[in-house]
Amino acid sequence: MTFAAWRRPRTILWATVGVVALGFFITLEIAARHYGLPGPMTNQVKEVILAPKSGPLLYASMALMMVVLTWRERFIAAGVAIGIDIVFFLVRWAVDAKMMFGNGALWVILGFAVIAVTRRTGRERTLLLKAVGLGLLLVAGRKTGDTWLLITSKTRPMVLDQYVAVADHALGNPSWLAGRIVEATGTVGEHVLDYVYIQLAVAAVLVTLYQLRNVAAERRFPSHHLVRTFLMIGLLGPGIYMIFPVVGPIFAYGADGGHWAVADLWPNTPTPISTPHWMPFDETTPRNCMPSLHTAWATAIFIHSRKGPRILRFGGAFWLIATLGATLGFGYHYGTDIIAGVVFTLTIEAALRSQERGWDRAGIQLVAYGATVFAAFLVSYRYLPMEMAENPWVFGPLLMLMMISVIYGYVRTTRLWEREPKAAPARQPEPQPELV
């Protein structure tokens with residue numbers, strides 16, 4: 001690449017993003033080792049040989065990488081991955097080690113990175129490296145999230161659950177209601193919701209594969225797709241965890257909290273309305289409730305599935321509803337977390353779409369309004385919980401109307417964008433010969 005090409009604004013932007021991302025991963029690695037545990041980079045390297053944490057996620061990542069390949073190359077790559085996994089399976093079975101698949105998929109992804117550098121040139125090299133990066137980013141996002149959760153539990157000894165639980169009275173304590181409903185469904189309902197909750201990333205990959213279905217033919221990626229939103233949610237969300245640490249009702253008010261819990265109330269007995277206080281909690285439970293990132297990710301899946309065929313739209317709606325049932329019904333989140341997660345996603349999605357098409361007045365207003373509503377939620381949960389609990393018929397509808405207003409603003413603005421062409425990039429002046 002020439003020096004002039006390196007000076008292009010887009011090249012500078014992506015180079016800056018790469019440097020910042022590398023620094024971010026190194027920082028998390030150092031932070032994790034400070035607490036005596038391996039960081040995201042170490043955990044990822046271990047999965048080259050050791051049993052992966054999630055085999056389906058690695059194969060989903062490989063599927064994302066293969067969007068740039070021909071069908072013949074895809075079949076060969078899949079066959080190689082399965083063959084490698086069979087070898088690993090037999091070795092682990094022989095030595096009685098932990099059983100899990102996925103190493104083969106990771107090996108194939110890394111192998112194509114080597115092929116891109118050594119066997120491809122020009123645009124083909126760039127395209128394949130982008131595909132490899134897309135697959136590895138999905139895995140790295142999971143590892144980074146695990147490290148973030150560790151950091152929240154170690155650095156935030158006090159949590160705000162009492163504030164959120166009192167504020168949740170304005171919404172009718174939906175987690176308590178959903179918890180009793182899930183218990184009534186028995187093991188079948190629990191298993192279905194648990195699978196949906198755990199395999200959220202796989203659902204995201206299915207939607208993304210549809211969005212990227214033409215990459216192999218067009219030899220370019222679309223300017224915006226689900227993975228961008230997914231990664232941005234995962235990047236920004238843990239920062240809110242650090243500002244607003246909450247462990248969730250099943251820990252703060254349930255049996256899973258042990259002696260750290262206020263009382264064993266969830267899901268049968270609603271919390272009393274009393275003045276809330278900061279409360280100490282253990283150093284192992286993640287402070288990962290506010291906002292609900294599972295709700296945020298499921299909302300992103302729902303949004304991006306709207307342009308697909310009927311089965312994809314149905315799947316996106318099912319995954320959102322089932323995720324809401326799981327997050328509330330398993331006691332992982334309060335209702336206040338859920339509505340905050342919806343607003344959080346719509347604001348991020350609006351910002352990414354505005355960046356992709358060119359910022360205009362409608363986009364700026366929508367992002368600013370979404371950020372304002374999200375901040376208002378957090379402030380009200382922290383400083384007005386008693387007022388919210390004592391006046392549920394005022395604050396409950398108000399909270400829902402604020403969320404609905406962001407949803408309406410997003411739908412209205414995006415429909416306006418779909419009727420209008422993208423903002424044209426600024427015209428660059430033609431180079432003029434130097435006057436002598």
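Residues are numbered from 1 along each chain as its sequence is written, and side-chain values use heavy atoms, with hydrogens and water left out. Because the model is predicted, local features need pLDDT of at least 70 and side-chain atom pairs count only at pLDDT 80 or more, whereas totals for chains, interfaces and linings use all residues.

The structure holds two cavities of 30 Å³ or more. A cavity is a set of points, on a 1 Å grid over the protein atoms alone, where a 1.4 Å probe fits but cannot get out, and its lining residues have an atom within 4 Å of a point. Grid points are joined across faces, edges and corners, and a volume is the space filled by probe spheres set on the points. The largest cavity has a volume of about 50 Å³ and is lined by Glu47, Lys53, Ser54, Leu57, Leu58, Val139, Arg142 and Lys143. Helix 4 (55-65) and helix 7 (122-155) each contribute at least two residues to this lining, and the largest share, three residues, belongs to helix 7. Helices (H or I, at least four residues) are DSSP runs, numbered from the N terminus. By class, three residues of the lining are nonpolar, one is polar and four are charged; Ala, Val, Leu, Ile, Met, Phe, Trp, Tyr, Cys and Pro count as nonpolar, Asp, Glu, Lys and Arg as charged, and the others, Gly among them, as polar.

The second largest cavity contains about 30 Å³ of space. Its lining consists of Leu64, Leu138, Ala201, Ala204, Val205, Thr208, Leu226, Val227 and Phe230. Two or more of these residues come from each of helix 10 (200-211) and helix 12 (226-243), with helix 10 giving the most, four residues. Eight residues of this lining are nonpolar, one is polar and none is charged.

Helix 10 and helix 12 pack at an angle of about 145°, with their axes 9 Å apart; axes are lines fitted to C-alpha atoms, for helices over the stretch in contact, and angles run from 0 to 180 degrees between N-to-C directions. The contact (heavy atoms within 4.5 Å) involves Leu200, Ala201, Ala204, Val207, Thr208 and Gln211 of helix 10 and Leu226, Val227 and Phe230 of helix 12. Seven of the contact residues are nonpolar, two are polar and none is charged. Val202 also lies in helix 10. Val202 counts as partly exposed because its relative accessibility is 21%, the class between buried (under 20% relative accessible area) and exposed (over 50%), with a 1.4 Å probe and protein chains only.

In helix 14 (293-305), Thr295 counts as buried because its relative accessibility is 1%. Beyond its neighbours within four places in sequence, Thr295 is in contact with Thr323, Leu324, Thr327, Ile338 and Val342. Helix 14 is also among the elements covering the buried residues of helix 19. These buried residues include Phe395, Leu399, Met403, Tyr410 and Trp417.

The second largest pocket has a volume of about 1200 Å³; a pocket is an open set with protein on both sides within 12 Å along at least five of seven lines. Of its 41 lining residues, Ile303, His304, Lys307, Arg353 and Tyr410 lie nearest its centre. The lining divides into 20 nonpolar, eight polar and 13 charged residues.
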